[in-house]
Amino acid sequence: MDLARSVAAEIGRPEWVGESLTPQVEDTRLVTHYFECLDPAYPGWNYAVTVVRAARAKRVTVNEVVLLPGKGALTAPEWVPWKERLRPGDVGAGDLLPTEEGDARLIPGYAQVPETDLEAEGVDQQMIWELGLGRRQVLSEFGREQAAQRWYEGESGPRTPISNQAPARCATCGFLTPLAGELRKMFGVCTNEFAPDDGRVVSLDHGCGAHSEVRAPESQNEPVAPVIDEMGYDHIVFDDTTELELVTADS
């Protein structure tokens with residue numbers, strides 16, 4: 001134990017080596033001694049010094065010295081692979097996001113459909129859809145389902161506050177440009193520069209206040225006709241009435 005404490009003091013400072021903790025026997029003639037670390041930068045950590053005595057040897061030697069976290073120690077979070085840490089919007093200018101081989105979201109552009117489908121359809125529908133596009137890979141059915149679910153449940157789907165208060169659905173809007181392929185059955189792209197979803201994929205049952213059929217309300221302020229009071233009269237007093245000419249109904 002004295003050897004272990006002295007070695008711990010060498011890698012730190014003597015005043016940083018605290019009380020001895022319960023040692024752990026690792027194997028025959030192999031023991032790890034633990035000492036509380038008093039370094040203010042490592043609260044809750046412990047010095048771990050492993051000492052060993054070789055067979056038929058009389059001298060004990062040091063095998064390893066490390067700092068190990070104890071109860072309440074501040075440690076780094078568990079490492080997570082980059083693919084699981086990646087979030088939408090993380091890829092910026094100059095960044096590269098490699099696609100794994102065998103990605104379930106993609107299939108070869110000229111992939112053959114199952115034989116059962118060939119018997120039912122008579123042709124390779126996948127090849128016809130992608131013929132001439134020059135892409136080595138295209139979306140698989142799984143990839144389309146993932147995208148459709150993500151878009152439909154996102155901010156451009158039907159279950160958003162702006163969509164719930166919209167006067168009409170995107171399906172009837174003149175600014176909607178439908179997608180190609182199977183996704184056109186549910187989605188399109190908004191092309192209204194004043195809409196909140198301009199340039200984004202929206203579901204056909206989405207909506208906003210910038211619908212093409214929205215019209216400005218007609219003005220309710222109609223001109224008011226002048227009001228003539230035919231029931232009352234004005235009392236006019238003249239100082240000099242000599243010049244007044246009597247006007248009768250017969251004249």
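Helices and strands are runs of residues assigned by DSSP and numbered from the N terminus. In the predicted model examined here, the protein has six helices and ten strands. Together with Leu3 and Val62, Val60 makes a nonpolar surface patch of about 200 Å².

Buried residues account for 23% of the 251 residues. Among contacts between residues at least 6 apart in sequence, 44% join residues that are at least 24 apart.

In soluble globular proteins, nonpolar side chains tend to be buried together. In the present model, the largest nonpolar core contains 13 residues, and those touching the most other members are Ala4, Ala8, Val17, Phe35, Tyr47 and Val49. Helix H1 (2–11), strand E3 (30–37) and strand E4 (45–52) each contribute at least two residues to this core. The surroundings of valine 49 illustrate the arrangement. When residues up to four places away in sequence are not counted, valine 49 touches Ala4, Val7, Ala8, Val31, Thr32, His33, Phe35, Val62, Glu64 and Val65. Val62, one of these contacts of valine 49, is also one of the residues that make the nonpolar surface patch.

A pair of aromatic rings is described by the distance of the centres and the angle of the planes. Two aromatic pairs were counted in the model. One of them is formed by tyrosine 42 and tryptophan 45, which are arranged edge-to-face, with 5.7 Å from centre to centre and 80° between the planes. Tyrosine 42 is partly exposed, at 36% relative accessibility, whereas tryptophan 45 is buried, at 17%. The rings of tryptophan 151 and phenylalanine 187 have centres 5.3 Å apart and planes at 85°, and this pair is therefore edge-to-face. Because tryptophan 151 lies in helix H5 and phenylalanine 187 in strand E9 (residues 187–190), the pair ties together parts that are 36 residues apart in sequence. Tryptophan 151 has a relative accessible area of 26% and is partly exposed, while phenylalanine 187, with a value of 0%, is buried.

Two further loop positions were examined. Threonine 160 is placed in the loop between helix H5 (141–152) and helix H6 (161–164). The relative accessibility of threonine 160 is 5%, so this residue counts as buried. Apart from neighbours within four places in sequence, threonine 160 is in contact with Gly154, Glu155 and His206.

Arginine 136 occupies the loop between helix H4 (125–130) and strand E7 (137–139). At 62% relative accessibility, arginine 136 counts as exposed, since exposed residues are those with over 50%. Leaving aside neighbours within four places in sequence, the contacts of arginine 136 are with Ile107, Pro108 and Gly109. Arginine 136 and isoleucine 107 are separated by 29 residues in sequence, and their C-alpha atoms are 8.6 Å apart in space.

Definitions and conventions. Residues numbered from 1 in each chain as written. Predicted model: local features only at pLDDT ≥ 70, side-chain atom pairs only at ≥ 80, totals over all residues. Heavy atoms only, no water. Helix = DSSP H or I, 4+ residues; strand = E, 2+ residues; numbered from the N terminus. Buried < 20%, exposed > 50% of the residue type's maximum accessible area, 1.4 Å probe, protein only. Contact = heavy atoms within 4.5 Å. Core = buried A, V, L, I, M, F, W, Y, C linked by side-chain atoms within 4.5 Å. Patch = residues over 30% accessible without salt bridge, like charges linked within 9 Å, V, L, I, M, F, W, Y side chains within 5 Å. Areas by Shrake-Rupley, 256 points an atom, 1.4 Å probe, with all protein chains shown as cover. Salt bridge = Lys/Arg side-chain N within 4 Å of Asp/Glu carboxyl O. Phe/Tyr/Trp six-rings, centres within 6.5 Å; stacked < 30°, edge-to-face > 60°.
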